Amino acid sequence: MNVRDTHLPLIKSMKVDFVRRCEGNINVEASITEDDYKRIHEEEKGEVLVKCTVIDESGKEPIKADMLWAWIPKQRRSKL
């Protein structure tokens, strides 16, 4: 996940369901919405759910996966 250079990406959780046996090679695609992309680059900190699509050579989806990513500033604010 790409975040601003001043921030750190953190994976908070990952859910993976193995629905059926894979046939051959697999192809994985992860995507976020345009609004999520804007939030990642504009907000100081936050989190976003990334949906993953896993397709095998038979064209079926043997694995279902979601990842919850967060981003925070590299430097913590000092308490005064």
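I began with Lys 64, which is partly exposed at a relative accessible area of 41% (partly exposed lies between buried, under 20% relative accessible area, and exposed, over 50%, with a 1.4 Å probe and protein chains only). I was reading a predicted model, in which local features need pLDDT of at least 70 and side-chain atom pairs count only at pLDDT 80 or more, while totals for chains, interfaces and linings use all residues. Residues are numbered from 1 along each chain as its sequence is written, and side-chain values use heavy atoms, with hydrogens and water left out.

I next looked up the partner of Lys 64 and found a salt bridge to Glu 61, with the closest N and O atoms 3.8 Å apart (a side-chain nitrogen of Lys or Arg within 4 Å of a carboxyl oxygen of Asp or Glu). Glu 61 is partly exposed at 29%.

Asp 66 pairs with Lys 51 at 3.7 Å between the closest N and O atoms; Asp 66 lies in strand 4 (residues 63–73) and Lys 51 in strand 3 (residues 46–56), so the pair ties together parts 15 residues apart in sequence (strands are DSSP runs of E, at least two residues, numbered from the N terminus). Asp 66 is partly exposed at 23%, and Lys 51 is partly exposed at 46%.

I also checked Asp 17 and Lys 15, whose side chains meet in a salt bridge at 3.0 Å, N to O. Relative accessibility is 31% for Asp 17 and 49% for Lys 15.

Definitions and conventions. Helix = DSSP H or I, 4+ residues; strand = E, 2+ residues; numbered from the N terminus.
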